Number of protein chains: 2
Amino acid sequence: MRAEALKGHLDGLLLAALEAGPLHGYAVKEALREITDGRIDLPTGTVYPALHRLERAGLISGSWSVVGGRRRRTYALTAAGRTALGGERDSWQEFASAVTAALRARSWPATS
Amino acid sequence: MRAEALKGHLDGLLLAALEAGPLHGYAVKEALREITDGRIDLPTGTVYPALHRLERAGLISGSWSVVGGRRRRTYALTAAGRTALGGERDSWQEFASAVTAALRARSWPATS
DNA sequence: CGTCCCTATATAGCAACGCTACCTATGGAG
DNA sequence: CTCCATAGGTAGCGTTGCTATATAGGGACG
């Protein structure tokens with residue numbers, strides 16, 4: 001998977017990962033990797049800043065806890081986040097169908 | 001369609017538009033708009049620099065002509081461009097299926 | 001005991017990308 | 001004569017995800 005392919009679609013994936021219930025950052029990364037059969041394996045330097053961004057935007061809310069001596073920041077979807085997730089799903093559908101149509105097109109308008 | 005959604009996928013669309021035959025820049029933009037029912041309507045400030053980039057990369061080759069008093073730069077796929085288009089199609093498939101799977105998932109691994 | 005790996009979080013700096021805003025220019029419609 | 005569609009172009013910007021690096025606890029292995 002090309003590195004920059006994700007641009008603009010990461011937020012939706014993170015929100016989706018939190019839809020079923022709160023997770024901490026590392027668990028989000030792992031969940032995403034598992035659900036996509038390893039196709040989306042985000043570096044931690046991508047996950048954490050993105051989660052911070054989503055929290056600043058009010059789409060998720062985080063809280064610290066300590067489990068087994070390790071500190072964790074667990075995130076949960078906010079109401080706004082749930083709404084945003086719906087929007088991400090819609091816009092992904094629209095985007096994906098458009099790109100698929102364009103890439104698949106055999107006959108293009110001969111506008112030249 | 002969110003503005004930044006295209007990031008990393010534009011090249012494939014432009015290459016695909018040229019697959020059926022050479023087009024000039026403005027025609028590429030129009031063809032893309034028509035084939036996607038207006039869902040992908042690129043600003044010219046996106047199209048032209050992208051075509052220059054593809055030309056520099058050797059994926060398309062351009063040539064000037066004059067039609068009706070207006071100068072045009074017509075682009076054609078190179079062999080490398082045709083190969084690249086195949087790669088773009090493959091990586092799009094992989095990417096799209098991964099994102100769709102993640103966004104659709106109802107039950108996420110409870111790795112927390 | 002030392003080393004390594006997995007878990008867990010974080011940040012600085014970078015490069016790429018597409019967009020906005022602007023500019024030039026021709027030809028046709030009103 | 002003005003406006004719009006066509007046709008091409010660039011400078012500068014903001015966002016975004018990645019790389020590289022740092023910290024730290026716990027467990028496995030020798």
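Which residue takes a positive phi in the hairpin of strand 2 and strand 3 of chain B? In that hairpin, which has two residues between the strands, B:G68 takes a positive phi near 60°.

The views show a predicted model, in which local features need pLDDT of at least 70, side-chain atom pairs count only at pLDDT 80 or more, and totals for chains, interfaces and linings use all residues. Residues are numbered from 1 along each chain as its sequence is written, chains are lettered from A and ligands numbered from 1 in the order in which they are written, and side-chain values use heavy atoms, with hydrogens and water left out.

**View 1. The open sheet of chain B.** Three strands form this antiparallel sheet in the order 1-3-2. Strands are DSSP runs of E with at least two residues, helices are runs of H or I with at least four, and both are numbered from the N terminus; two strands pair if DSSP finds at least two bridges between them. Strand 1 (23–24) and strand 2 (60–67) are the edge strands, each pairing on one side only. Strand 3 (residues 70–77) is joined to strand 1 by two bridges, and B:H24 has B:T74 as its bridge partner. Eight bridges join strand 2 to strand 3, where B:V66 stands opposite B:R71.

**View 2. Helix 3 across the sheet of chain B.** Helix 3 (residues 44–56) lies across strand 2 and strand 3 and runs at about 125° to strand 2. Axes are lines fitted to C-alpha atoms, for helices over the stretch in contact (heavy atoms within 4.5 Å), and angles run from 0 to 180 degrees between N-to-C directions.

**View 3. A:T36 in a loop of chain A.** A:T36 lies between helix 2 (25–35) and helix 3 (44–56). Not counting residues up to four places away in sequence, A:T36 touches B:A98 and B:A102.

**View 4. B:L14 in the largest nonpolar core.** This core, a set of buried Ala, Val, Leu, Ile, Met, Phe, Trp, Tyr and Cys residues joined through side-chain atoms within 4.5 Å, has 69 residues. B:L14 is among those with the most contacts inside it. Residues that B:L14 touches include B:V28, B:L32 and B:L42.

Note on methods: Buried means under 20% relative accessible area, exposed over 50%, partly exposed in between (1.4 Å probe, protein chains only).
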